[in-house]
Amino acid sequence: MKIYDAIVVGAGPAGAAAAYFLARAGRSVLLLEKRAFPRPKSCAGGLPRKAAQIFDFDLSPCFEVAVKGAVFSWLSSERRYQEGDRVLGWVTRREVFDEFLVRRAGAAGAVLQERTEAIGLVQDRERAVVYTERESLPARSVVGADGARSPVARMLSLKAFKRVGFGLEARLPVSERVRKDYGSYLYFDFGGVPRGYAWIFPRRDHLCAGGASYSPSHFFLKNELRSFLEREGLSAELAAARVTGAPISFSVWPGGWGRGRVLLAGDAAGLTDRLTGEGIYQALKSGELAACAINRFLAGEAPLRDYSGMVRKNLWENLAWAWLFSRLLNRLPRWAFRKVISDPRRARKGMEVATGAMDYRDLLVKKGEG
């Protein structure tokens, strides 16, 4: 029976990135995906500029709209426009983006097995074994990249390290004139969604709108999304749209990113930005870090537990600051909007954080402001 160097469970951005970097290093990699590509995925699809710097290949075939700025509003009024000096990022569709990354991983040597769900996992000092309905698959390491409600994390009893919120998405069929009105800006609206926000992102042939909240209860989201789009004059478009949803996970304290021969990446590890809800960059980066840790482990250079330190240094420290700022915004939303979002200088620094040019910690540093 073949023993893989790594089995990656879940073929989203985190899993595809891990599979790509492992295969590129010459490792034998099996990538498991419980659905078949292309599969729809509920996600705003915002891709910050720093995400394109992770890979050694061009991501532009997946880009739909280049983002040049953001618009912040309070209950669809008091709009504040912020632009960058260059492209801040892009908007993509996850069904396109995920499949593109998976195909690149396959071209590097990873083996994709679709319509295969991991239903069990055991490990010992020598190997890990992933069980599916059809077979048992041994490996020297495993990456759990299977989403916010990760079965792999549950199998490892690591689910207590994160909390889960929820996001809704509606793809609105609009005229070309309406799409041009929204331009190449990302729209964020506050004051309506408790512990979250509503949003509108431009796409090539429609507008993508939704709401996201980190509240333990999210049954109010659909009503708040409807109210937001009514204020925006898009209620008729919402009536013609299909609304889908997906959980959003975030870490509540550092750790819980692996056990034994198994590492967690992306949403499975709770690596979502608590303030913005953005998770694609963290998924890609954690997939890269997981591959790096496994490569070093298989080469006898370092233990797999070093992965936790890599995640903490490269991702968690910045996400912890995002969590602190989100608590301020959620506890005093009106004050935060007036004092922070409406301040051009602070908002400009916030745009730099979103693109990766700055960390959240830098928002508290006065040096260089002007």
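## Basis and secondary structure

Helices (H or I, at least four residues) and strands (E, at least two) are DSSP runs, numbered from the N terminus. The model is predicted, so that local features need pLDDT of at least 70 and side-chain atom pairs count only at pLDDT 80 or more, while totals for chains, interfaces and linings use all residues. Residues are numbered from 1 along each chain as its sequence is written, and side-chain values use heavy atoms, with hydrogens and water left out.

## Overall form

The protein chain contains ten helices and 19 strands. Its radius of gyration is 20 Å, close to the 21 Å that the globule rule gives for 370 residues, so the chain is as compact as a globular protein of that length. The radius is taken over C-alpha atoms, and the rule is 2.2 Å times the number of residues to the power 0.38. Along the principal axes, the C-alpha atoms fill a box of roughly 65 × 45 × 40 Å.

Of the 370 residues in the protein chain, 55% are buried; buried means under 20% relative accessible area, exposed over 50%, and partly exposed in between (1.4 Å probe, protein chains only). Contact means heavy atoms within 4.5 Å. Among contacts between residues at least 6 apart in sequence, 71% join residues at least 24 apart.

Glu169 lies in strand E13 (residues 162-172). With a relative accessibility of 3%, Glu169 counts as buried. Its side chain is joined to that of Arg171 by a polar contact of 3.2 Å. Such a contact is a pair of N or O atoms within 3.5 Å; within protein, one must be able to donate a hydrogen and the other to accept it, and residues adjacent in sequence count only if both atoms are side-chain atoms. Leaving aside neighbours within four places in sequence, the residues in contact with Glu169 include Lys41, Cys43, Trp199, Cys208 and Arg242.

The loop between helix H3 (151-155) and E13 holds Ser157. Ser157 counts as exposed at 54% relative accessibility, and its phi is near 60°, a positive value in a residue other than glycine.

Val193 is located in the loop between strand E14 (185-190) and E15. This residue is buried, with a relative accessible area of 7%. Not counting residues up to four places away in sequence, Val193 touches Ala198, Ala212, Ser213, Phe220, Leu221 and Glu224.

Arg204 occupies the loop between strand E15 (196-202) and strand E16 (207-213). Beyond neighbours within four places in sequence, Arg204 is in contact with Phe63, Glu64, Val65 and Arg179. The side chain of Arg204 reaches the backbone oxygen of Phe63 at 3.3 Å.

## Helix H7

Gln282 belongs to helix H7 (residues 280-298) and counts as buried at 5% relative accessibility. Apart from neighbours within four places in sequence, Gln282 contacts Leu271, Thr272, Asp273, Leu315 and Leu319.

## Backbone geometry

Most residues other than glycine have a negative phi, and most peptide bonds are trans. Phe37 and Pro38 are joined by a cis peptide bond, with omega about -5°. Pro38 is placed in the loop between strand E2 (29-32) and strand E3 (46-48).

Leu75 has a phi near 50°, a positive value in a residue other than glycine. Leu75 is situated in the loop between strand E5 (69-74) and strand E6 (77-83), and is partly exposed, with a relative accessible area of 36%.
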